[in-house]
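Visitor: I would like to learn how to read a few features of a model like this one. Please show me the structure, then take the features in turn.

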Amino acid sequence: MSALPAVLLAVPLLGAAALTLPVFRGRSASAYGIAVSGAALVLALVVAAVFDYRDAGRMQLGLDVPWIPGLGLRFHLGVDGISLPLVVLTALLVFLCFVHLARHRPEGGRPRALAFTLLVLEVGMIGTFLALDLLLFFVFFEVVLVPMYFVIAIWGGPARRAAAVKFILYTLLGSALLLIGLLVVWAQTGTLDIADLAARHGSGIPRTAQILAFLAIGVGLAVKTPMWPLHTWLPDAHTEAPTVGSVLLAGVLLKMGTYGFARIAIPVLPEGAATLAPWLGAFAVVGIVYGSLACLAQRDLKRMIAYSSVGHMGFVLLGFATLTPVGMNAALFGNVAHGLITGLLFFLAGAVKERYGTADMVRMGGGMLRRLPYIGSLLTFACVASLGLPGLAGFWGEMLALLGAFRPAAALSRPLFLVFMAVGGLGTVLTAAYFLVMLSRVTHGRPIETVPAGPPLTSAEEIREVLGPGEPVEPVATGTAVAEVEESARPVWEPEGPSEEGTGLPAGESPATPVPGSGTAGDAAAEVPGPRAPYGGERRLTDVTGHELAAWLPLVALTLAFGLWPKALLAVTTPAVQAVLGQGVTP
């Protein structure tokens, strides 16, 4: 046995416990979070370094000790080619989130509480990918719900409370169904050991019980994935969550649902999987098209990226539905690629919203490549990667999923899956369409700052002339300049120096209006002329900073690496996929 998985869980858990001590205040909490999450990342890389890649289909670095002996429950951890990439991805994204927080204090204040919440969240996420006991898996699966609820409800946007409640209600309902399915498996087999159950490939579980258990487990996992039509909590949660919440929600929490299909539902219940796979494939391709069409109708940048996740996770579910090694590899590759690319997209969306004071693509006015060339270029790269350009990581998951649908498992209807392949191909075209439309609105076009400066705007007609005919305008009662911007459109301002807990302001000071051009030392944007505020006025913008590059460039590098050398990931997942599928559903 190896204690390394337990140590990997203990580091963020003990780090979170230490944050309850009163010695951490203000910015020290962010630095502490970087140190603890960095230590967890180092341990995850050690796990990857000592992993035996020649035998990636076998559970390695196992820890199996009694947990609740009276019920036969065990604290069983381990890692194989399916879970290893997700463990490293989780540790990386949490670390990058803390790097981001080093210079972006949470708008809701309470930096120490946010650091505590993110570390507890990391324990639940990594534990889910390491657990090899059904009940232990369920416990870790549920641990993430409470911290993510608070991340949204405390540090989110104006409608954060409603979004957080919707998130918790949907996921708790899914969890109840998941627990029922797991208990059915336990009742039929008398064991909760995932490795043992997977090795049996459904032996000892009647076909009817397999179908019922797969249905309950599948629906529970589909809520977290999320699969259409169980996705409606996702856009609100992403839109209202802070940047780090959106990154972890898209980069890791969605993967917990799809991981459950690969770890439990398909290998433990192969007959149930073969029976319900056509339905899984149908919902997957509907989600692909629906998500793409919904993206075309969005004005909010974060909401558009959220709907794009519905489509991308549809390709992951389609890969699982084929029940073939190609499709399963596509799903696992798509999981990692989506975590990298969408994590980068949400980092960028947060940076854009911070600078413009809004995520509304129409209000931004276009011209980002002229105004913020580095952020605009990175946003373009992330969008191109997400739409599946060959040579970038997003391409392989989608292409392999369609290839798996072209030749599904022998137990499945090939004509039906050919239809799924055609519909999925249409989804790739729509994906390219909505990303290109977004880029044309945001990065290209005529920036608002090119409008000549003039007298204050005093009428709706003058405002409409600046904003364009498509922008709704409310007349102002006063006859003065229209300088009132919606709360969501105000620029974010953070003063330097020590701050009082929960306020983000220097001790003894109250919130003030930011002075245009008063950047902090080292901010390159203090020299960059900003766009005119949507209703007149002037605003200065900062292009990418050093901390932002530190948080974003690892995701860019891995997106390029896996896009140019997909074998680096496929060589890890393929032996594990073959072990998972066994002999029951392979063609």
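Guide: What follows covers a strand pair, a helix residue and the cysteines. The model is predicted.

Visitor: In which sense do strand 1 and strand 2 pair, and over how many bridges?

Guide: Strand 1 (residues 60-68) runs antiparallel to strand 2 (residues 73-79), and the pairing covers 6 bridges.

Visitor: How do side chains lie along a strand in general?

Guide: Along a regular strand, side chains alternate between the two faces of the sheet.

Visitor: What links the two strands of this hairpin, and what phi does G72 take?

Guide: The hairpin has 4 residues between strand 1 and strand 2. G72 has a positive phi near 70 degrees.

Visitor: Now the helix residue. Where is A382, and is A382 buried or exposed?

Guide: A382 belongs to helix 17, which spans residues 373-386. Buried means under 20% relative accessible area. A382 has 0%, so A382 counts as buried.

Visitor: Which residues does A382 contact, beyond its neighbours within four places in sequence?

Guide: With those neighbours left aside, A382 is in contact with I341, L344, L345 and L348.

Visitor: How many disulfides does the count come to?

Guide: A disulfide requires two cysteine sulfur atoms within 2.5 Å. By this rule the count is 0.

Visitor: Are C97 and C383 buried or exposed?

Guide: C97 is buried because its relative accessibility is 0%. C383 is buried too, with a relative accessible area of 0%.

Definitions and conventions
Residues numbered from 1 in each chain as written. Predicted model: local features only at pLDDT ≥ 70, side-chain atom pairs only at ≥ 80, totals over all residues. Heavy atoms only, no water. Buried < 20%, exposed > 50% of the residue type's maximum accessible area, 1.4 Å probe, protein only. Pairing = 2+ DSSP bridges. Contact = heavy atoms within 4.5 Å.
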